[in-house]
Amino acid sequence: PRQPKKVKDPPEQRRIPCYALGDVGKLKDMADADNNLSALSRLKPMDPCFVRRSGGRFTFAKVISRQDGPEAQIELQVDYDGSTKTLPMIQCAKYVRTLN
């Protein structure tokens, strides 16, 4: 019997890896430096991402709010208890990773 062709999902239909807020991320699920920089500029509320914690590991988070302009910043929810982390946008390239 003839096997059907395997078709990749278009990028807009990719499945998001299963993470809960606060879970440690895997490098394979994080965007590389070049793709991350352009994706950071498009982050909006409710978007998933990874944020670097004080221990140096990147954990799963979601965007709560974003402020643009001279004092641009992003606020992320980092766990289900409601803990948040607010970062100036200028620091996001170092501390935030988008999904691959």
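**Entry 1: Leu 76 and its surroundings**

I started with Leu 76 and listed what it touches, skipping its neighbours within four places in sequence: Cys 49, Val 51, Ala 61, Lys 62, Val 63, Ile 64, Ser 83, Thr 84, Lys 85, Leu 87 and Val 96.

Next I looked up the largest nonpolar core, which has 14 residues. Leu 76 is among the members that touch the most others, along with Val 51, Ile 74, Leu 87, Cys 92 and Val 96. Strand 1, strand 2 (58-67) and strand 3 are the elements that each give two or more residues to this core. There is another core apart from it, made of seven residues, including Tyr 19, Met 30, Phe 60 and Leu 99.

I checked the confidence. The protein chain has an average pLDDT of 86, and 83% of the residues reach at least 70. Where does pLDDT stay under 50? I found that stretch at residues 7-14, where the model has two contacts beyond four places in sequence. Low pLDDT means the predicted coordinates should not be read in detail, so I left that part alone.

**Entry 2: a hairpin**

I went along strand 3 (residues 73-77) and found that it pairs with strand 4 (residues 84-88) in the antiparallel sense, over five bridges. Across from Glu 75 I saw Thr 86 of strand 4. The two strands make a hairpin with six residues between them. In the turn I noted Gly 82, which has a positive phi of about 95°.

**Entry 3: aromatic rings**

I counted three aromatic pairs. How are Tyr 19 and Phe 50 arranged? They are edge-to-face, 5.1 Å centre to centre with 85° between the planes. This pair links distant parts of the chain, since Tyr 19 is in the segment before helix 1 (33-40) and Phe 50 is in strand 1, 31 residues apart. Both Tyr 19 and Phe 50 are buried.

Phe 50 is in strand 1 and Phe 60 in strand 2, so the pair ties together parts that are ten residues apart in sequence. Both of these Phe residues are buried. Tyr 19, Phe 50 and Phe 60 make one aromatic cluster.

Pro 48 and Phe 60 are twelve residues apart in sequence, with 7.3 Å from C-alpha to C-alpha. Pro 48 has 23% relative accessibility, so I put it down as partly exposed.

**Entry 4: Thr 98**

Thr 98 is in the segment after strand 5 (96-97). Is Thr 98 buried or exposed? It is buried, because its relative accessible area is 5%. Not counting residues up to four places away in sequence, Thr 98 touches Asp 29, Met 30, Ala 31, Asn 36, Ala 39, Leu 40, Leu 43 and Phe 50.

**Entry 5: salt bridges**

I found three salt bridges.

- Lys 28 bridges to Asp 29, with the closest N and O atoms 3.8 Å apart. Lys 28 is exposed at 60% relative accessibility, whereas Asp 29 is buried at 11%.
- Lys 44 bridges to Asp 47 at 3.5 Å between the closest N and O atoms. Lys 44 is partly exposed at 48%, and Asp 47 is buried at 17%.
- Asp 68 bridges to Arg 66, with 2.9 Å between the closest N and O atoms. Asp 68 is exposed at 53%, and Arg 66 is partly exposed at 24%.

Key. Residues numbered from 1 in each chain as written. Predicted model: local features only at pLDDT ≥ 70, side-chain atom pairs only at ≥ 80, totals over all residues. Heavy atoms only, no water. pLDDT = per-residue confidence, 0-100. Contact = heavy atoms within 4.5 Å. Buried < 20%, exposed > 50% of the residue type's maximum accessible area, 1.4 Å probe, protein only. Pairing = 2+ DSSP bridges. Helix = DSSP H or I, 4+ residues; strand = E, 2+ residues; numbered from the N terminus. Core = buried A, V, L, I, M, F, W, Y, C linked by side-chain atoms within 4.5 Å. Phe/Tyr/Trp six-rings, centres within 6.5 Å; stacked < 30°, edge-to-face > 60°. Salt bridge = Lys/Arg side-chain N within 4 Å of Asp/Glu carboxyl O.
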